[in-house]
Amino acid sequence: MARSTTRDAQALIQSLRSAYVATPTNLKIIDLYVIFAISTALIQVVYMAIVGSFPFNSFLSGVLSCVGTAVLAVCLRIQVNKENKEFKDLPPERAFADFVLCNLVLHLVIMNFIVYINSFIFNRRSVSDHQSSSVSSPCKKTIFIETLAIPRGIYRLSEMFQLAA
Amino acid sequence: MEVSENGKSASLRQAFGNVLSFFILLLVGVLAFSIRLFSVIKYESVIHEFDPYFNYRVTQYLTKKGIYEFWNWFDDRSWYPLGRVIGGTVYPGLTLTAGSIWWLLNSLNVPLSVETVCVFTSPIFSANASWATYLLTKEVKGTGAGLTAAALLAMVPSYISRSVAGSYDNEAVAIFALIFTFYLYLKTLNTGSLFYATLNALSYFYMVCSWGGYTFIINLIPMHVLLCIVTGRYSARLYIAYAPFVVLGTLLASLVPVVGFNAVMTSEHFASFLIFIIIHVVAFVYYIKGLLSQKMFNVAVALVVSFGMVVCCAVVSVLVPLVASSPTKGWSGRSLSLLDPTYASKYIPIIDSVSEHQPPTWPSYFMDINVLAFLVPAGIIACFEPLSDASSFVVLYIVTSVYFSGVMVRLMLVLAPAACIMSGIALSEAFNVLTRSVKFQLSGVPEKSQSGDTTSRIAVTQSEVVKTEKQPPIDKTEDTIKERTSKKNKKKEKEHEEKASLKSQIQKRLLVLPLETSIIAILLLVLLGAFYVVHCVWAAAETYSAPSIVLTSYSDDGLQVFDDFREAYAWLRHNTEVDDKVASWWDYGYQTTAMANRTVIVDNNTWNNTHIATVGTAMSSPEKAAWEIFNSLDVKYVLVVFGGFIGYLGDDIDKFLWMVRIGGGVFPHIKESDYLRDDEYRIDSQAPSTMLNCLMYKLSYYRFVETDGKGFDRARETEIGKKYFELNYFEEVFTTHHWMVRIYKLKSLKNRIRGKAKKSKSSSEGSVTTSLKRSGKIKRNPWH
């Protein structure tokens with residue numbers, strides 16, 4: 001019973017691998033970007049589990065930005081995939097322009113939320129006092145990952161997209 | 001030649017149809033605006049009710065001080081001595097909207113005052129809402145249904161009741177945001193464009209800024225996605241419509257200070273996250289299915305199911321104790337009272353006491369949505385032919401909103417757009433059939449079909465099979481198919497072509513009605529619409545236009561106007577110090593801070609139950625105890641609303657039992673049964689002595705016997721119990737012209753206390769525990 005399941009599993013993995021190799025290169029690049037974004041999100045979750053969740057807004061915005069770009073990249077992949085009958089008449093440039101617009105909005109919100117002043121609900125001090133204190137080390141880490149990795153990923157993606165299309 | 005001529009006439013008729021639609025929409029907007037102006041014409045341009053005064057005060061602050069001061073505003077003139085963080089606890093959408101309209105107009109040198117802008121914000125946004133309804137219904141069924149639904153929404157009484165000129169409340173803007181968000185969601189669902197998904201998320205952000213009812217959206221859309229998945233309608237467009245919306249929407253919702261981290265931590269949002277995970281699983285399954293052959297797919301399913309069960313159990317075992325550890329399972333009090341209607345009456349009397357939170361009566365359905373109440377079922381049936389993603393969404397919307405409107409009268413407002421959409425669809429389909437019959441009967445000769453175009457239904461008369469040709473959109477026949485083909489999304493046309501090619505083989509049969517029947521039916525439908533219009537205008541003019549700050553009544557002498565509230569607030573404003581504190585029941589808090597500009601103890605926000613219970617206990621206690629409570633809160637003036645002189649129901653004596661209940665909920669020495677005689681609430685000679693000695697009774701009926709010699713209370717229609725008494729701790733400073741508002745001042749402590757000097761002084765200075773022992777009472781009264 002166990003041997004048949006392992007044989008089945010091996011056959012399954014083989015067929016999956018052979019089917020996936022046949023997909024076009026630009027789609028594979030998008031898939032790679034999605035995996036990269038999800039893994040960044042997982043790293044951030046593990047980091048939060050180790051270090052603690054203060055400030056929570058930085059954690060939330062960091063994780064949601066990774067998940068958000070992954071979701072948007074999947075949407076791009078759906079719209080660009082030539083096997084999709086529904087999107088036959090959508091030019092890939094339009095799909096990419098929508099993708100960039102949505103990412104712009106997403107990152108604008110992220111940038112606003114990552115240093116969010118959430119403690120004025122409980123405190124009467126002025127805005128400027130809090131801005132310095134909440135940019136603590138977990139927050140800085142998230143900003144680091146955020147500002148370097150994701151936009152660079154998008155830039156690389158657009159380059160390769162134009163090359164492979 | 002013939003084809004080009006037909007094409008030209010078809011495009012001419014389409015252009016004519018577009019121009020006609022534009023003018024109809026313009027008229028609908030003007031109608032929506034002007035039907036809400038009755039209160040301005042009958043009374044004056046004034047802000048109504050209670051909550052709008054708070055919004056007005058906040059808008060004044062915003063326009064005077066600017067946006068940064070607004071975000072960081074800590075208000076110390078309400079909930080004395082606690083204060084209230086306005087920046088973090090108010091839904092900013094309405095005030096920011098009105099503030100920006102005022103700023104824009106002033107920068108264009110149109111010098112409108114803030115009050116004018118606030119009063120007229122609601123009618124402007126109801127015109128916007130009817131245009132949004134047109135767009136929404138057009139996505140579901142086409143232009144004809146859209147125009148009908150827009151016209152119905154412009155006039156529906158339940159929406160008018162919360163958006164007359166002067167009702168400057170959150171719902172005025174929020175209903176527009178709700179309909180617009182739903183429209184953008186359906187547009188994304190129909191087109192699959194990421195651009196509309198972005199706009200959808202931004203519109204949802206505007207909704208979250210405006211109203212606490214945004215939880216309806218964030219639960220309805222996931223419910224619809226689940227419905228689509230379960231009924232086998234999963235498509236890539238569904239993923240594009242939902243997944244970016246959840247991520248972007250959650251982030252945007254967390255940006256609003258009122259919501260903050262509740263966007264990820266309360267149970268109201270868990271449904272969206274759960275469906276987010278589910279849709280990813282489904283998308284992945286479809287993707288793998290496309291990659292593998294059938295045999296391999298079955299193997300994969302078997303493996304994954306056995307492995308996934310283990311992971312599922314682990315995740316569930318972690319989540320369930322986490323959620324169950326909170327006593328309300330993560331839901332907030334107000335949401336829980338929606339799901340379980342008896343919850344509020346058992347645990348949170350404040351939510352229960354608001355009159356808007358009571359369940360509606362059956363006649364109120366007919367009053368509020370009138371004719372639409374029985375057009376809705378016809379619309380539901382029309383949505384099923386054919387069932388698309390958009391029409392299944394609208395069906396789900398109407399079903400859920402009918403349930404919630406049955407729980408709370410206030411939520412009839414959410415039912416109104418759904419009812420209008422459904423009725424618009426029903427009326428449009430009915431007119432479809434009837435006018436097609438008329439046209440067919442009048443034309444008489446069967447018409448030949450266009451070559452190569454099989455996107456048509458087939459009509460059957462008694463003897464012959466006829467193919468109808470492509471008809472212009474104003475005729476509203478196959479406008480559903482044509483509206484979508486005339487747009488850029490060609491994939492819809494392909495879908496319809498595939499469906500129609502099947503249909504032409506099946507040869508669907510439609511009956512055409514006889515000429516006289518259809519003409520009479522058209523006339524009857526128009527008559528129905530006329531009844532609806534008459535009722536709506538009557539409702540708007542007579543019942544929903546009262547500002548409730550000014551009362552009128554018709555007597556033998558003509559029209560009598562009772563402007564007592566503003567009289568009292570003006571007196572307070574001009575005859576007291578700026579820092580004086582005024583205590584009243586929480587209903588009047590917003591008006592007092594806005595119009596009288598004095599600090600209040602409790603107001604309509606009702607966020608602190610204990611503080612309200614303190615005021616309630618003071619009102620229910622005898623004079624001395626009440627004086628001590630009020631003195632501990634630094635109160636200078638007490639305001640009481642009394643309707644016995646003119647017969648105004650809904651004054652403080654009518655609300656008194658709620659004061660007792662809320663006070664008794666926190667301070668157990670106040671017991672409701674002490675104030676009732678034989679379980680009956682009365683104020684005449686049969687009332688118990690606790691009732692006749694409590695502060696509320698004394699402040700309401702002080703010197704009342706001087707009016708007519710007998711002390712006859714016209715609101716309760718009895719003579720009062722205790723007629724002649726003196727006030728030792730309060731003095732009357734002002735009573736308005738019709739005795740509606742009475743203001744009393746706390747007398748200060750006497751300078752010299754004769755006789756029992758040391759004993760009374762030490763007892764009032766003693767700590768709570770020593771005074772307890774000395775008083776020897778079993779019930780602990782914290783103020784003795």
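## Where chains A and B meet

E86(A) and R237(B) pair up through their side chains in a salt bridge, N to O at 3.4 Å (a Lys or Arg side-chain nitrogen within 4 Å of an Asp or Glu carboxyl oxygen). Between chain B and chain A the count is 1 salt bridge. This is a predicted model, where local features need pLDDT of at least 70 and side-chain atom pairs pLDDT 80 or more, while totals for chains, interfaces and linings use all residues. Residues are numbered from 1 along each chain as written, chains are lettered from A in the order written, and side-chain values use heavy atoms, without hydrogens or water.

On the chain B side, α13(B) gives the largest share of what touches chain A, 13 residues; helices here are DSSP runs (H or I, at least four residues), numbered from the N terminus. That side of chain B splits into 29 nonpolar, 11 polar and 4 charged residues, with Ala, Val, Leu, Ile, Met, Phe, Trp, Tyr, Cys and Pro as nonpolar, Asp, Glu, Lys and Arg as charged, and the others, Gly among them, as polar.

About 3,800 Å² is buried between the two chains, 78% of it from carbon and sulfur atoms (accessible area, 1.4 Å probe, lost on being put together, summed over both parts). L194(B), L251(B) and F261(B) supply 17% of the area chain B buries against chain A, more than any other three residues.

| Span of chain A | Helix | Strand | End C-alpha distance |
|---|---|---|---|
| Residues 32–50 | 100% helix | 0% strand | 27 Å |
| Residues 56–76 | 100% helix | 0% strand | 30 Å |

Terms used:
Helices (H or I, at least four residues) and strands (E, at least two) are DSSP runs, numbered from the N terminus.
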